[in-house]
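I opened my notebook to look up a few things in this structure. Have a look along with me.

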Amino acid sequence: AGLRVLCVDNDREILDGMRMLLARWQATAITASTVDESLARMADSAPQAMLVDYHLHDRLDGLDTLDALRTAGGPVPGALLTADGRDELKREARRRGYQLLTKPVKPASLRAWLAAQVPAAERDG
């Protein structure tokens, strides 16, 4: 409860679904479709975790978007969401310090990852 999560995806339906799912957990979804929109949203409300789709159809892919967001906002935990299960992508995500969550992401897995990333004191503060 109280967690602010930046969700980046080029599909509005997915963003709407994430917003509803996070709201059920009393968390706030900060949604964006592009890296530039994400950076603007972060300026308004600093996220405590980031969920970014790999295939954004933007100037940056999901990994590079996570890097840009961390550069702007500090060491925020991030996960790359993708249906692409290639080992090299998993290794690259891990090398950069991100979790790779394979789509379709199960809500219980997502909730467990979010809970593990953000200390309770930060969620409540």
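Which residues line the largest cavity? I found Cys7, Val8, Asp9, Ile14, Leu15, Met18, Leu51, Asp53 and Leu81 there. I noted the terms too: on a 1 Å grid over the protein atoms alone, a cavity is a set of points where a 1.4 Å probe fits but cannot get out, and lining residues have an atom within 4 Å of a point.

A note on what I am reading: this is a predicted model, where local features need pLDDT of at least 70 and side-chain atom pairs count only at pLDDT 80 or more, while totals for chains, interfaces and linings use all residues. Residues are numbered from 1 along each chain as its sequence is written, and side-chain values use heavy atoms, with hydrogens and water left out.

**Entry: the cavity**

I looked up how many cavities of 30 Å³ or more there are, and the structure holds 1. The volume of the largest cavity is about 40 Å³, a volume being the space filled by probe spheres set on the points, with grid points joined across faces, edges and corners. Strand S1 (4-8), helix H1 (12-24) and strand S3 (49-53) are the elements that give two or more residues to its lining. H1 provides the largest share, 3 residues. Helices (H or I, at least four residues) and strands (E, at least two) are DSSP runs, numbered from the N terminus.

I sorted the lining by class and got 7 nonpolar, no polar and 2 charged residues. Here Ala, Val, Leu, Ile, Met, Phe, Trp, Tyr, Cys and Pro count as nonpolar, Asp, Glu, Lys and Arg as charged, and the others, Gly among them, as polar.

**Entry: threonine 82**

Is threonine 82 buried or exposed? It counts as buried because its relative accessibility is 1%; the cut-offs are under 20% relative accessible area for buried, over 50% for exposed and partly exposed in between (1.4 Å probe, protein chains only). I found threonine 82 in strand S4 (residues 78-82). Leaving aside neighbours within four places in sequence, threonine 82 is in contact (heavy atoms within 4.5 Å) with Tyr54, His55, Leu89, Leu100, Leu101, Thr102 and Lys103.

**Entry: the backbone**

I checked the peptide bond from lysine 103 to proline 104 and saw that it is cis, with omega near -5°. Proline 104 sits in the loop between strand S5 (99-102) and helix H5 (107-117).

Next I looked up glutamine 26, a residue other than glycine with a positive phi, near 60°. Glutamine 26 belongs to the loop between H1 and strand S2 (28-32), and its relative accessible area of 58% makes it exposed.

Terms used. On a 1 Å grid over the protein atoms alone, a cavity is a set of points where a 1.4 Å probe fits but cannot get out, and a pocket is an open set with protein on both sides within 12 Å along at least five of seven lines; lining residues have an atom within 4 Å of a point.
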